[in-house]
Every structure is written in C-alpha cells, then in structure tokens.
Amino acid sequence: KWSPCCSLQERVVETEAAMEPTLFVPVVPHPRMRPSRQSRLSGAALVALFAAVAVATLGSVSESLSFAQSKFKRARLPKKQKIDIVLLKDYEFLGRTGEVYKVKRGYFRNFLYPMGIAQKQDDTVMRKLKRQEKVKTEQIQKLAAEAMEIKARIEKPGKYTFEKKLRPGSSKIYGSLSPTEVAEAITVATGYPVRITAVSVPKVAETGAYSVTVELAEGVTAYVQVEVVPEGGEAAEGGGE
C-alpha cells in the first residue's frame, strides 16, 4: 500500500522497481574452506572399509549356503539305499514268487509296488506267502497224481493204428498224420478228452511206426506209439481212424 502523500509518478516507479528480477550471485567458498586432502583420504578409506565388509559378508553367506546344501544332501542319502522286498508273483527281470531281493527305494515305490509285483519284506507278508505256497504245492501234487492216472490210461493200449491212402507204387502217403487225428483216437480209446495242443506228432510222410508224446501236466508226459498202415489194411488194437 502506498501512503496518501505519494504521487502517482512515485507509485509507478516503486511498482517498476518491485517487478524487476532479482539477481542471485553464487557464493564461491574460500579456498581455505574446501575439504583437506586428509579428509578426502579418510572418505576413500571409509568406502574401502564398507566394500571389504560387504565382501566378507557375502563370503560368509555363501559358505553358509554351501554348508546347508551339503548337510541337506547328506540327510537325503539314506533314501537312496536299497530295501528288502519280496516278490508276490513271478517277474522275469527279478525272479520267482516268494524270493527276496534288494532294490532301490524309488524302483519299489514307483513301479514294483503299484503294479502289485512286490511288497516290503516283513513277517506278515512272509507268512502269507508260505500259506499260498503250501496250497499251491498241494494243488500241484493233486494234479500230478491225476495226470499219472491219465498217463497210464493213455499208454495202456500200447499202439494206435491209422490208415492212410498210399501214392501209387510207393509207401508214401497222401497228406500226413495230424495231432487232431491222434487226439481223437486217444479220446475214443480212453474216454479222456485230450487237448490237441498237448499232442506232439513228428513228420509222417510214409507208412511205419512213430512215437508221439502227450503233455498232461508239468513234468508228466505220456508216450504212445502210432502206426501208419495202407488204407484197407487190418486195424490194430487200440482203435483207428
């Protein structure tokens, strides 16, 4: 505000003076006020000290991580050890049912156990397998006894005769003697149905006597004699075609 005594011209001059920009002159410190060389060196030493502390800290952290990793690895080592397992069924890459083997833990957990091939060995599993083995042995013995009776019945006739048409002027026959013909002849003679796949017949190309086998059970085989004669000849005891 202006005083009442000021004239209009004085007011204009004061206004123009107030609107003029203010100049700021930078203050240059006196050379004596600048930091000394000793203080600059102290700052560099402080930076170097901080850097050394940081490097030492990182080194200790790295050593701690390495120690923790090695300790973790040592703690996991026992999991890689092999364990005792017992086979629940025959497996061609290991062995037979009831046999005990050492396998890797992961192999057992990821394959053998999910597939029902094996279990961890313990008293309960071993007792169960012994009971199953006993029942299986009794069944095998029973089947073997029955097979021996059937073998005696099949071998009792002694010889089975088959008539075949001969080629003109030769002892060679037309066709051959098939397992189906032998199985049918044995079934008729003994009353026991013989599986065709159980009969093994050698190559028959002419008249004569041949040996034929019949697989009845594991370890039980019947041996019979067959004779091929010209068609229209006399049939031998034991039946013919």
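Colleague: Which residues make the nonpolar surface patch of about 390 Å²?

Modeller: This is a predicted model, in which local features need pLDDT of at least 70 and side-chain atom pairs pLDDT 80 or more, whereas totals for chains, interfaces and linings use all residues. Residues are numbered from 1 along each chain as its sequence is written, and side-chain values use heavy atoms, without hydrogens and water. The patch is made by L46, L49, F50 and V53.

Colleague: What is the relative accessible area of V53?

Modeller: V53 is found in helix α2, residues 37–76; helices are DSSP runs of H or I with at least four residues, and strands are runs of E with at least two, numbered from the N terminus. Buried means under 20%, exposed over 50%, and partly exposed in between, with a 1.4 Å probe and protein chains only. V53 is partly exposed, at 45%.

Colleague: Which residue is the bridge partner of V86 in β2?

Modeller: Strands pair if DSSP finds at least two bridges between them. Strand β1 (residues 82–87) pairs with β2 in the antiparallel sense over 5 bridges. The partner of V86 in β2 is V100.

Definitions and conventions. Patches are made of residues with over 30% relative accessible area and no salt bridge: like charges are joined within 9 Å, nonpolar side chains (Val, Leu, Ile, Met, Phe, Trp, Tyr) within 5 Å. Accessible areas come from the Shrake-Rupley method with a 1.4 Å probe; for residues, only the protein chains shown count as cover. A salt bridge is a side-chain nitrogen of Lys or Arg within 4 Å of a carboxyl oxygen of Asp or Glu.
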